[in-house]
Amino acid sequence: MSKVKLTDVKKIYNGGVVAVHDFNLDIADKEFVVFVGPSGCGKSTTLRMIAGLEEISEGTIEIDGLVVNDLQPKDRDISMVFQNYALYPHMTVFENIAFPLRLRKTPNEEVFQKVKEVAEILGITEYLNRKPRALSGGQRQRVAIGRAMVRNPKVFLMDEPLSNLDAKLRNQMRAEIILLRKRIDTTFVYVTHDQTEAMTLGDRIVIMKDGYIKQVGTPDEVFDWPHNLFVAEFIGAPKMNTFKADLVREGDDYYVKAFGAKILVDGQKGDMLKEKHVENREVILGVRPEHVVLAKQGEGIDVTIQVNEMMGSELHLHTITTDGTQIIVRVPTVSLSHEERAKLTNGEMIRISFEGKVMHLFDPESENNILI
Amino acid sequence: MSIKTNHVNLFEDISDLDYLGLTKFQSLLYNIIHFFKAIPSWLINLFKQIGKIIAKFFNSIVSDIKDIGTTFVHGDFKTKISYFVMGFGSIARGQIFRGILFFLFEVIFIVYMVTTGGYWLSKYPTLGTVSSGRQYDAKLDTYVTVPGDDSFKCLFYGTITIIFIICFVYTWRTNIKQNKINEELIKNGHSLKHAKDDAKSLLDEEFHKTLLALPITGILLFTVFPILFMVLVAFTNYDGAHDGYSNLFTWVGLTNFNELFNINTGNSQLSLAFGEILSWTLIWAFFATFTNYFLGMFVAIMINKKGIKLKKFWRGVLVLTSAVPQFISLLYISKMFAANGLVNGMMLRLGIIKDLSQVIRFWETPTLARITVIVINIWIGIPYLMLITTGILMNIPEDLYESAKIDGANAVQQFFKITLPYMLFVTGPYLLTSFIGNINNFNVIYLLSTGGPINPKLLSSAGAAGDTDLLITWLFKITMGAESKYYLASVIGIMIFVVVSILSLIVYNVIPSTRNEEDYQ
Amino acid sequence: MAEKKHMGAKAKSRLSNTIIYIILVVMTIVWLIPFIFLVLESFRLETTHQVGYVIPKQWGFDNYIKLFTKTDFPIWFGNTFIIGLVVAIVQTIIVLSMSYTLSRLRFKGRKAMMNVMLVLGFFPGFLSMILLYKVLSWVGLTGSNSVPGLILVYVASSGMGYYVSKGFFDTISRSLDEAARIDGATRFQIFTKIIMPLSKPIVIYTILTAFMAPWGDFMFAKYIAHAASDGMNVAVGLQNMIGTQASLAANYTMFCAGGVIVAIPITILFMSLQKYYVEGVTGGAVKG
C-alpha cells in the first residue's frame, strides 16, 4: 500500500512568488500519475515537495496516511530519478546502485544480490564495473533507475527522466519504462513537459499551468473532454485548431456557424447542449487537425494551403481561411490517390469540413469547456 | 553630434529600442548622464534601506519584549522560574544537557560580572584615571612603582564585557524562547528533542553549524573583534607616548578625524600627506590592475593563437616564475635597480652611462620610482593574469569567432567585438577584487621601494612618508615607527575601508553588469 | 587570383607568428633573467658587494655554507616550514568547511553572512594586528615565540578566503546532493562520501596555496617577530639581512644563496602540482 495524498499544497518562494497554488490530488496505490505542463508550471516543484527536497509552504502531503511535511527525504521511503541522472561520478555503476543500501548498512551479500538482480532487469550487468562517464546517455539513465529501484521504495518519483535523451532513445526508454512499471508495481509520479510521454505512460495525467492544476484525468478523458482551452491545445499534436464561432439554437438542434459554414452539433455533445439549455452565444470552437477532413467541391470551408509538411504516413496542411484564420489539417496519405495528392500543394485552394461530434466548445471569456 | 538627437532627448529616460538606435558616442553620453542622474535616487534608496533595517531592528526588539512579557504571563511555573534560573525549564522538561549549559552560562556570567566585569565597565568611560607612578615605600625604604590603571586593558576588557553582556541577554532570550517552544510542543503532544537528537542533527539538518563553528569563531576573534577594537581606538589618543600604562590614554571623540581633514586645527600637513598618498594609492591601483590585466590578456592571446607551437613551454616558463616566493623576486629586483645595483653596473660596463654621476637612481627619483614599481609589478602580475585569461579565452565558444569571420571581421575587430566584451564581462568581479587587492598591495611596494623616496612634503605628525607609499605601507610605518601613532593608524584604516566601500558600492550597484547576467551563458 | 590571395593570407600569418615568437622569446628571457642572475650571483666568492657583472670570477659554495653556519637562516627556514605545514592543514580544513557550507548548504543568515564578510574584507587586514600583537605578547607568542602566534594569525581568519573554493563547489551539480539525500545520506555523509571525493583538485589547490602563503608573507611576520631573529620567517630574515646599506654590502651574495634555497623546494612543489593550481585559478579565481 502506498497512497499519496496532497491537500491544499502551496509553494511560496522567498519574495512571495507562488509556484504552486492549492494543489489537491489523491494518488492511488500502484497508480502511475504524470504531471505535465509547460516549463514553470510548478510540476517539478510539486514533485520535489513530495520528495522532500522543497519545503511545503502550506498544506500537507501524506504518504500512506502519514503526514510527511517535516520528514527528511530519507525518511519518506521514496526514490527519485533525476533529469540529469545525478550519478555519482567517482563511483562505479555497482557502487552507484548499491549506495542507498550501503547507507542503510545492508549486509554485503544482500547488497550484491540486489544490485545484481536490478542490473539484470535493466540489462546493465556488463557495465557494473564502469564509471558513469564511460556510459552512454541511455545506459546512465538505466543506472539512475536502478539506483532508485534497488530499495523497493513506496513511491517512485521521476523528474523528466527522458528529456536529456535523443528522440529515438527516448521512444525506446519510454517503452522500457512501461515494461518496468509492470515489474516494479509500485506508485509512480512522473514529471514531463512532453504530452506524448504523458499520454503513453500515465494512468492519470495532471495538467498544470502557472501553478494551477488545469485538469486531472485519464489520457482518454483529457484528450476527448478537455476542461479548458489550455488543456485542449496542450494535449495532441499538431495542436488543436481554435477559432471564434457562433453557436445557434434552432429548435432542438444546435449549429455552429463559422467561415460561412453551418455545422450541426450532433451526437452526445448535441444532447448535452440541449440538457443544459444553452442559448445562442459566441464560442471558441476547437477542432483537432485529425478531425478536419477534405470536403467536396461546393461544401465546407474555403482555405488556401500555405505550407504542406509530408510526414510519411500523413500530410500536415497549414491552411488559411479567407479571413486569415489558420487551420491545420492532418490528411492520411494512405487514402489519397495520386491526383488528389498532387492537388495538395502550396497555394492551392481546397475545401475542408468537420463533423459536429468532434467539435469542442469553449467559453471565450473563461476559456472553459461549456459542456462541463 | 549633438546631445539632442533627431528624435530623443538624452537627458530623459528613453526606451530600450530608442537606446539601440543611438550612436556609440550618444549611448556613452546617455549612460554617463544617467549614471549621475541616478545617484540622488540611489542614495535616497540606500538611506531608505538602512532606515528600514534600523526600523526592523527596533521593531523586532519591541516585539521581543512583548513576547517576553506574554510568555511570562502565560507560561507555567517551569517557564517562570527559568526567567531567573536559566535552563530550569529545560531540565524540568527532560532536556538535561541543554539546561545545564544554560545554567552554567548564567553562573559564569554572574561570577564574571561580580568579580571583574563590573570593575572594567566602571573604567570604560574614562579608560582609567590613575597612572602608575613611583611612591616612597617606608618599609622597603625605597621608591617602588605603584601600578595604576592601564587604559589599554580598560578598553580591551571593557569592550569584552559589553560584548559578554549582549551575549548574555541574547542567551537569556533564547532560554525563554526555548521554554515557550517546548511548552507548545508538549501541549500538541510532541516529544522534545534530547541531546542525542541534537547531536545527530549536527551531522544533518544542522550540519552547517558544525562546519562553521571553527571558521566563524576564528573570524569573530581575529577579525571582527580586532576591527571593532581598532575602530574604537580611532576615537582615543592611544599612541607610543600614551601607551595606556605609563601614560594613560582616553577618549578624544572626533579629534583624530578633525586632524586628518584639517578641521579647526590650522595645521594642514597631515591632511596634505593623506590626500597625496591617497591619490597615489588610487593611481597605483588603477595602473597596477589594468596594465596587468590587458598585458596578461595580450600574452594569453598570443600563446593561444593557432599555429603557435610549444604552447605548454611558453606558459610553463611564466608559471614557473610565479612559483618562486614573491619576496625573493621582489627583493632581488629591488636591489638590481638600486643605484649601485646590477642594472646600473651593467650599463656602466656596456658604456651606456659614462661614469657614476650618470647612474640612474630608480628608487631615489619620485616619478621614476613610481614608474618602476608599476613596471616591475607588470613583471610580477603577467603570469597570473595569463593563467586566468587563458582559462576564460578557451571557454569562448569557437563558433562566435567563426561567425564573426564569416561576417567579415578581421583579427583586431574580433578582439574588440568578441574577446574583450566577453573577458570584461566574465572578469568584472575579478577586476574589482584585484583593484582592492592593489590598494592594499603591501608586499610589492614595501619590498621594492619601502615606499621611498622620502618626500619632505609628506612629513607630518604621522612621521615621514615616501612618494611610492600606499595608504597601507604608510599605516604600517605609522605603527612601526618611533611614535607608534596607533590612533592615526586606525583612522587611516577606517579611511581605507571607506574608500574601498565606496568603490565597491559603485561597481556593484550602479554599473549594470548584473542585468545581463545570462548573456554569455 | 584565388591562389594568390591564399598565399597572401599564409604569408601574413607567417609574419605575425614570427613576431609572436620573437616577443615570446624576449619575454621568456626577461622573465627568467632575474632568477638566472640570482643563482649565478649566489655562487660568487670574490666579493659580497653588488657588482656590474653576473658571471662569478670565483665560484664556490661559501655563501651557502656561511648561510647555514653563520646566520639564523636554518631557524628561519625551519620556522617557515613549520608554519607552512600547520597552516596548510588547518587552513585547508577551515577554508573547505566555510566554502562548502556557503556553496552547498542553505540556512538562515547565509546571504547576510557572506555580505558581512565581504564588508569586513574592506578593512585592511593589517589594522587588526595592533591589537593582536598586544594580545599575543600578553600570552608570550611574539618575538622569539612568533611561530605559534603567526600560525594563529594566518589561520584564524582564513575562513574569509572562501571565494575560490566556493566557486569550485558551485560547479558541482546540486542534483548530486539531492540524489544522495533521497538515497538516505545525511549532510555529513554527502560531504564525506560524495562531494569530497569529487573535490581533489580544489583540496590540493587549497593546500598548495595555504602552504605557500607563509613563505611570502612579510607584513605580519615582521610585525610579530619584530627584531627577534629566531622568531623570523625567511622573508623577514632575508630582508633583515640586507636591510641597511652596510649589511647589504656584506651579505648580498649570501642573500642570493638564501633566495635560491627557498625558491628551489617551493618551485619544485609548485610545478609538480601545477595542474591543480591552474585548475583552481582558472576555475575559481574569476568568480571572485
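In this predicted model, chain C meets chain A through 14 residues of its own, which are in contact with 18 residues of chain A. On the chain C side, the elements that give two or more residues are helix 8 (174-183) and helix 9 (187-198). Helix 8 of chain C gives the most, with seven residues. By class, this side of chain C has seven nonpolar, four polar and three charged residues.

Now turn to the other partner of chain C. Of the two pairs of chains in contact, chains B and C share the most contacts. Their contact takes 67 residues from chain C and 78 residues from chain B. Helix 1 (residues 2-42) of chain C supplies the largest share of the chain C side, 12 residues. The class make-up of the side of chain C that touches chain B is 46 nonpolar, 18 polar and three charged residues.

What about chains A and B? No contact joins chain A and chain B, and their closest C-alpha atoms lie 9 Å apart. For the two pairs to count as touching, by contrast, C-beta atoms placed from the backbone have to lie within 7 Å.

One pair of helices is worth a look in your viewer. Helix 8 (residues 207-233) of chain B packs with helix 5 (residues 129-138) of chain C at an angle of about 105°, and their axes are 8 Å apart. Angles of 65 to 115 degrees count as roughly perpendicular, and helix 8 of chain B and helix 5 of chain C are therefore roughly perpendicular to each other.

Which residues meet here? From helix 8 of chain B come Phe222(B), Pro226(B), Phe229(B) and Met230(B), and they meet Ile130(C), Leu131(C) and Leu132(C) in helix 5 of chain C. By class, this helix contact has seven nonpolar, no polar and no charged residues.

**Chains B and C as whole chains**

The table sets out the overall values for these two chains.

| Property | Chain B | Chain C |
|---|---|---|
| Secondary structure | 19 helices, two strands | 14 helices, zero strands |
| Box of C-alpha atoms along the principal axes | roughly 90 × 75 × 55 Å | roughly 85 × 75 × 30 Å |
| Buried residues | 31% of 521 residues | 48% of 288 residues |

Start with chain B, whose secondary structure comes to 19 helices and two strands. The radius of gyration of chain B is 31 Å, well over the 24 Å that the globule rule gives for 521 residues, so chain B is more spread out than a compact globule.

Chain C has 14 helices and zero strands. Read along its sequence, chain C follows the pattern α-α-α-α-α-α-α-α-α-α-α-α-α-α. The radius of gyration of chain C is 25 Å, well over the 19 Å that the globule rule gives for 288 residues, so chain C is also more spread out than a compact globule.

**Domains in chains A and B**

Chain B is divided into domain 1 (1-73), domain 2 (75-253) and domain 3 (269-516). The C-alpha centres of domain 2 and domain 3 of chain B lie 44 Å apart. Even so, nine residues of domain 2 of chain B are in contact with 10 residues of domain 3 of chain B. On the domain 2 side, the classes come to five nonpolar, three polar and one charged.

Chain A is divided into domain 1 (4-233) and domain 2 (240-362), and the C-alpha centres of these two domains of chain A lie 39 Å apart. How many residues does each domain of chain A give to their contact? Domain 1 of chain A gives five residues and domain 2 of chain A gives six residues. The domain 1 side of this contact in chain A divides into three nonpolar, one polar and one charged.

**An open helix in chain B**

Is helix 15 (residues 398-406) of chain B largely buried or in the open? Of the nine residues of helix 15 of chain B, the number buried is zero, so this helix lies largely in the open. The cut-off behind that is 20 or more other C-beta atoms within 10 Å for a buried residue. Just after helix 15 of chain B comes Gly408(B), which takes a positive phi of about 95°.

Conventions. Residues numbered from 1 in each chain as written. Chains lettered and ligands numbered in written order. Predicted model: local features only at pLDDT ≥ 70, side-chain atom pairs only at ≥ 80, totals over all residues. Axes fitted to C-alpha atoms, helices over the stretch in contact; angles between N-to-C directions. Helix = DSSP H or I, 4+ residues; strand = E, 2+ residues; numbered from the N terminus. Parallel < 35°, antiparallel > 145°, perpendicular 65-115°, else oblique. Nonpolar A, V, L, I, M, F, W, Y, C, P; charged D, E, K, R; others polar. Domains from an automatic or database assignment. Rg over C-alpha atoms; globule rule 2.2 N^0.38 Å. Buried ≥ 20, exposed ≤ 12 C-beta atoms within 10 Å, placed from the backbone.
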